[in-house]
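User: Hey, I'm new to this one. Could you walk me through it?

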Amino acid sequence: MEKRLLETGEIVSTHGIHGEVKILPWADAPDFLLQFETLYLNGKPYEVEASRVHKTCVLVKLRGIDTPEKAMGFRGQTVSVDREGLTLPEGSVFIADLIGCRVLDDTGTEIGKIKDVLTMPSSDVYVIQGEKSYMIPAVREFVREINVAKGFVKVHLIEGMATDEN
């Protein structure tokens, strides 16, 4: 199920004396956020006057936020972007679109729904909740098909993927 606004990070602090906010991005690379002219905080749009990468974060100057005190009021807020006009590389999907998708095994039987996606060094891991809980690496060997439009992911299960198996 696609949402118009995608959560893409969190404001973790302020920066400098001109009201910049420091965003910890929830993307593969912080420069992903540099392409947006508008960011959304609690659904309200804010025009981006300037942005730049700073280590693993992004520093952003939002129109109308001109002091550290005003910027501090946004600390802890989730930053969203409008998906309109965004394109992903072939075969990629937004994690937000996977959450809640039905998960089907090789026989087409529903085993649960994606509850979370863990970002690990070697690959993402899908956390599935159903009658049993599963942790499935998001690699071609185990993920056979992703169809966000129809709301399902097909997987190949092997012994040990169910978290209650010994």
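Analyst: Here is a short chat about charged pairs, a sheet, cysteines and a pocket.

Analyst: This is a predicted model, where local features need pLDDT of at least 70, side-chain atom pairs count only at pLDDT 80 or more, and totals for chains, interfaces and linings use all residues. Residues are numbered from 1 along each chain as its sequence is written, and side-chain values use heavy atoms, with hydrogens and water left out.

User: Okay, how many salt bridges does the structure hold?

Analyst: It holds nine salt bridges. The term means a side-chain nitrogen of Lys or Arg within 4 Å of a carboxyl oxygen of Asp or Glu.

User: Which residue does lysine 61 form a salt bridge with?

Analyst: Lysine 61 pairs with glutamate 49, and their closest N and O atoms are 3.5 Å apart. Lysine 61 sits in strand β5 (residues 57-62) and glutamate 49 in strand β4 (residues 44-54), so the bridge ties together parts that are 12 residues apart in sequence. Strands here are DSSP runs (E, at least two residues), as helices are (H or I, at least four), numbered from the N terminus.

User: Is lysine 61 buried or exposed?

Analyst: Lysine 61 is buried, at a relative accessible area of 10%, while glutamate 49 is partly exposed at 38%. Buried means under 20% relative accessible area, exposed over 50%, and partly exposed in between, using a 1.4 Å probe and protein chains only.

User: What about glutamate 110 and arginine 102?

Analyst: Their side chains meet in a salt bridge at 3.9 Å, N to O. Glutamate 110 is partly exposed at 40% relative accessibility, and arginine 102 is partly exposed at 31%.

User: And lysine 154 with glutamate 145?

Analyst: Those two side chains also meet in a salt bridge, 3.8 Å from N to O.

User: Switching topic: in what order do the six strands of the open sheet run?

Analyst: The order is β10-β9-β8-β7-β12-β11, with mixed pairing. Two strands pair if DSSP finds at least two bridges between them. At the edges are β10 (133-137) and β11 (143-147), each pairing on one side only. From one strand to the next, the twist averages 30 degrees; axes are lines fitted to C-alpha atoms, for helices over the stretch in contact, and angles run from 0 to 180 degrees between N-to-C directions.

User: In which sense do β7 and β8 pair?

Analyst: Strand β7 (residues 102-104) and strand β8 (residues 110-119) pair in the antiparallel sense over three bridges. Valine 103 stands opposite glycine 112 in β8.

User: How many disulfides turn up?

Analyst: Zero, in a search of the whole structure; a disulfide would be a pair of cysteine sulfur atoms within 2.5 Å. Cysteine 57 is buried at 8% relative accessibility, and cysteine 101 is buried at 2%.

User: Last one: what volume does the largest pocket have?

Analyst: About 1100 Å³. On a 1 Å grid over the protein atoms alone, a pocket is an open set of points where a 1.4 Å probe fits, with protein on both sides within 12 Å along at least five of seven lines, and lining residues have an atom within 4 Å of a point. Grid points are joined across faces, edges and corners, and the volume is the space filled by probe spheres set on the points.

User: Which residues lie nearest the centre of the largest pocket?

Analyst: Trp26, Asp28, Val93, Phe94 and Ile95, out of 30 lining residues. β1 gives the most to that lining, with four residues.
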